[in-house]
Amino acid sequence: MKKFIVILTVASLFLLGACSGNGSGSKKDSKKLVISTWGFAEDFFDKEVYKPFEEENNVEIVLDTGNNADRLNKVRQGRGDVDVIFLSDYYAQQGIDDGLFAKIDHSKLKNLDSIYDVAKAPLGEEYGPAYTVGQFGIAYNADEVKQPIKDWDDLWRKDLKASITIPGITSTSGPMMLDAASKVSGADTFNEDQAFYQMKDILPNVVKEYGQTSEFVNMFSQGEIVAGPIMEMYFADLKEAVPSATFVSPEKGGYAVMNTVNVVKDSKNKEMAEKFIDYILSKEVQEKSAKAKVDSPVNTEVKLSEEEAEGLTYGEEVVEGLNTLDMEFVNQSSKQWIDRWNRELAN
């Protein structure tokens with residue numbers, strides 16, 4: 001009798017295992033999709049974005065996290081078996097220039113028609129879209145600044161002497177600041193000489209350059225500075241530290257900060273990778289990300305209340321009105337700009 005029970009139990013387990021293999025499939029039998037990303041808001045992405053995709057597509061998502069530069073270098077070196085990579089447009093262009101990304105079949109991205117034009121192919125028709133667009137604008141302490149700041153020109157005002165910060169040229173927003181200086185100089189198109197001459201004029205107002213947003217927040221909260229250019233996505237931290245902080249979209253236009261998503265050239269899961277990209281462009285995912293204050297939406301079907309949109313770069317008029325940089329030109333000019341910045345502007 002005991003022998004019979006053991007055999008029956010093993011047989012039952014076998015049948016149960018076979019049944020569990022039907023439908024969506026088991027994790028053990030699923031394919032892996034390796035995603036290279038920053039690693040912020042991990043709990044949100046795991047529960048609201050990754051898990052539903054895994055269950056629907058019988059795939060196991062494996063994350064490779066880190067900053068832009070480190071993760072891009074890992075792909076250059078062929079490490080990590082990355083399938084999908086999230087990068088800011090500045091670094092994504094480097095990946096394209098180095099031939100690291102696969103050409104994407106945009107016909108497979110069904111949600112592409114629903115996103116802002118500026119986000120569809122920011123680095124060329126053959127490469128990935130921007131899944132979120134932020135804004136590089138200006139923040140200031142309304143309690144400490146005598147006159148409201150409305151445009152880039154205001155950062156050069158004499159009443160702001162020794163009271164602002166600017167991004168360093170090696171930061172993602174450094175080239176945007178240089179382009180803004182060119183606009184302030186009166187140039188219709190980017191003029192390197194005029195931009196650098198204009199940057200020399202702002203130096204008396206600059207306490208210190210910042211390389212990371214945390215430096216901006218610390219200086220602002222401690223009263224070392226009262227204003228400076230910053231990405232809107234980090235403004236909530238600033239507002240929490242200093243309630244009188246105000247964010248301004250400059251009259252000459254803020255700058256689009258686009259986070260892109262691409263398929264790595266040697267990916268063995270290109271079809272699944274493209275499916276994932278289409279998924280994160282969907283109204284459902286974009287809406288969840290926006291309402292959680294994780295990412296500003298690029299899907300035009302996402303509708304937010306005034307409260308839900310607070311702190312986000314939201315709305316067609318806002319997004320399509322942002323200035324964009326030619327990232328291929330930026331990367332080609334980067335070394336020259338860094339050398340000149342260090343010679344002419346470094347303290």
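A residue is counted as buried when its relative accessible area is under 20%. In this predicted model, both Phe-196 and Trp-341 are buried by that criterion. The two residues form an aromatic pair of edge-to-face geometry, with 6.5 Å from centre to centre and 75° between the planes. The pair joins distant parts of the chain, 145 residues apart: Phe-196 belongs to helix α7 (residues 192-202) and Trp-341 to helix α14 (residues 327-344).

Aromatic pairs number 21 in the structure. One of them is formed by Phe-44 and Phe-45, again edge-to-face, at 5.3 Å centre to centre and with an angle of 75° between the planes. Phe-44 and Phe-45 are both buried. These two residues also belong to a cluster linked by ring pairs, whose members are Trp-38, Phe-40, Phe-44, Phe-45, Tyr-50, Phe-53, Phe-86, Tyr-131, Phe-276 and Tyr-279.

Helix packing was examined for α2 and α10. Two packed helices are described by the angle between their axes and the distance between the axes. For helix α2 (residues 42-57) and helix α10 (residues 270-280), the axes come within 11 Å and cross at roughly 135°. Roughly perpendicular covers 65 to 115 degrees and roughly antiparallel begins over 145; the two helices are therefore oblique to each other. Their crossing is right-handed. On the α2 side the contact is made by Glu-48, Val-49, Tyr-50, Pro-52, Phe-53 and Asn-57, and on the α10 side by Met-272, Lys-275, Phe-276, Tyr-279 and Ile-280. By class, the residues of this contact comprise eight nonpolar, one polar and two charged. Among the contact residues, Tyr-50 and Phe-53 of α2 and Phe-276 and Tyr-279 of α10 are also members of the aromatic cluster.

Backbone geometry was considered at two loop positions. Ala-162 has a phi near 50°, a positive value in a residue other than glycine. Ala-162 lies in the loop between β4 (130-141) and β5 (164-167). With a relative accessible area of 48%, Ala-162 is partly exposed, as exposed would require over 50%. Lys-293, likewise not a glycine, has a positive phi of about 60°. Lys-293 is placed in the loop between α11 (283-291) and α12 (306-309). Its relative accessible area is 41%, and Lys-293 is therefore partly exposed.

Technical notes: Residues numbered from 1 in each chain as written. Predicted model: local features only at pLDDT ≥ 70, side-chain atom pairs only at ≥ 80, totals over all residues. Heavy atoms only, no water. Axes fitted to C-alpha atoms, helices over the stretch in contact; angles between N-to-C directions. Helix = DSSP H or I, 4+ residues; strand = E, 2+ residues; numbered from the N terminus. Parallel < 35°, antiparallel > 145°, perpendicular 65-115°, else oblique. Left-handed = near helix turned anticlockwise from the far one by under 90°. Contact = heavy atoms within 4.5 Å. Nonpolar A, V, L, I, M, F, W, Y, C, P; charged D, E, K, R; others polar. Phe/Tyr/Trp six-rings, centres within 6.5 Å; stacked < 30°, edge-to-face > 60°. Buried < 20%, exposed > 50% of the residue type's maximum accessible area, 1.4 Å probe, protein only.
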